[in-house]
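Let us learn to read a few features of a protein model. Keep the viewer open as we go.

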Amino acid sequence: MKQAALPLIIGDCHALLFRAAKTLPCQVAHVGPITADAFCRRQSPMRRLFDQLILQTGGVAQRTVVLSISEIDIRAHFWRDLPILLARGMSLEQFVQRRVAGYLDEVQNFINETGVSRVVLWGPPASLLGQAPHNDEFPTAGSNRTRNLLRHTFNHSVAATASGVSDRIGFASMFYDMIHNDFTSNSSWIPDAIHIPEDRVTDCCERLEPVLNGIPLSLGPALSMVPELAVELCIAPYERPHRDSPREFFKNWLLTENTKQSVTIAGQAFSFVSDASVPSDAVGVSSLGLQVRPFSSPASPP
Amino acid sequence: VNTNDKNTASHLAAIRRAVSDVLGRPAESFGSEDGLDQTDGWDSLAHMTILLAVEKNLGVEFTADELLELRSIQAMLDVVSAQTG
């Protein structure tokens with residue numbers, strides 16, 4: 001009798017953890033720094049590499065595939081785009097929902113086109129990195145707590161969307177094991193600030209295995225147990241000189257859990273500027289308790 | 001040459017200049033089909049910067065939806081032309 005092919009775990013650097021798996025037989029393929037956004041764009045270099053690796057594995061028809069994709073989006077790319085979009089009236093949850101819907105649509109296309117029997121999304125782990133690199137592409141900042149809040153929003157959105165897209169999509173995550181009650185990261189899970197260490201691989205396999213076998217979602221502690229967050233984030237506009245024309249200024253935005261009046265980028269301090277163009281209807285309290293407001297407006301009294 | 005054609009040509013030139021500023025290559029090397037994943041260096045990191053540079057050059061503001069949808073010079077040109085008439 002022909003043996004069922006091993007599950008394929010493919011994606012970013014977080015997929016590599018499973019090379020150390022002793023209790024879960026699997027095949028691991030590392031694409032590189034693939035994001036969910038790049039996965040959705042079929043002409044992107046990372047998606048083309050992903051497709052090539054899938055071919056090299058001999059195809060995935062009738063196999064279970066674990067996609068380890070999306071951590072980089074949340075740790076870095078979301079923080080670059082979100083403040084700009086929030087300042088134009090898109091809510092934080094609309095933004096995340098839109099990204100998740102696009103990602104899950106493409107996962108469904110992948111299932112239809114390859115004949116994969118089941119896809120499990122390996123959720124983004126918590127991160128200890130407090131700040132994104134500050135440069136022209138990432139003029140953004142966020143504490144590990146604010147990043148974790150965004151992961152939580154992402155998880156909510158995946159949980160709400162996945163079952164409506166296909167019963168062949170599952171989701172598993174260690175995220176809620178990796179954070180404290182106040183949503184800061186537990187450093188014992190992430191000694192290098194980004195990756196789950198190999199000595200935790202068995203925990204990860206135990207979380208993943210039931211989902212491989214058909215349980216639709218495994219987020220760890222029930223989402224309903226997560227308390228209202230009541231955390232305030234603010235859109236803080238600042239101006240920085242154009243890199244080639246220092247007398248010209250570009251406006252940028254930070255989304256931050258902020259109490260400071262300025263930000264330091266590449267060693268240079270910038271003050272936040274008042275910005276009447278951030279519409280008041282861009283702000284509000286999300287269903288998760290996240291409040292977003294323009295930096296220039298006073299916080300509402302409790 | 002009618003006014004609409006002149007406007008379109010001027011918008012296209014401004015968009016190509018913005019792309020050139022961000023990607024560091026001559027404006028005339030970019031055509032309307034250039035865009036995200038189609039053009040060397042035009043990756044997701046450069047993309048938002050290009051959109052903001054186009055806004056600045058043309059004095060327009062894209063909506064949040066447009067910022068997420070626009071992926072090529074032609075697409076930007078279509079929206080800018082519709083906005084400016």
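Q: What does contact mean here?
A: Contact means heavy atoms within 4.5 Å. Leaving aside neighbours within four places in sequence, A:Ile74 is in contact with A:Trp79, A:Pro124, A:Arg147, A:Leu150, A:Arg151 and A:Phe154.

Q: How should I take the model and its numbering?
A: This is a predicted model, where local features need pLDDT of at least 70, side-chain atom pairs count only at pLDDT 80 or more, and totals for chains, interfaces and linings use all residues. Residues are numbered from 1 along each chain as its sequence is written, chains are lettered from A and ligands numbered from 1 in the order in which they are written, and side-chain values use heavy atoms, with hydrogens and water left out.

Q: Is A:Ile74 buried or exposed?
A: Buried means under 20% relative accessible area, exposed over 50%, and partly exposed in between (1.4 Å probe, protein chains only). A:Ile74 counts as buried because its relative accessibility is 0%.

Q: Which helix holds A:Ile74?
A: Helices are DSSP runs (H or I, at least four residues), numbered from the N terminus. A:Ile74 sits in helix H3 of chain A, residues 71-86.

Q: What about B:Glu55, buried or exposed?
A: B:Glu55 has 8% relative accessibility, so B:Glu55 counts as buried. Its place is in helix H2 of chain B, residues 44-58.

Q: Which residues does B:Glu55 touch, not counting those up to four places away in sequence?
A: B:Glu55 touches A:Arg88, B:Val60, B:Glu61, B:Phe62 and B:Leu67.

Q: Where does A:Glu209 lie?
A: A:Glu209 lies in helix H6 of chain A, residues 201-212. A:Glu209 counts as partly exposed because its relative accessibility is 33%.

How values were computed: Helices (H or I, at least four residues) and strands (E, at least two) are DSSP runs, numbered from the N terminus.
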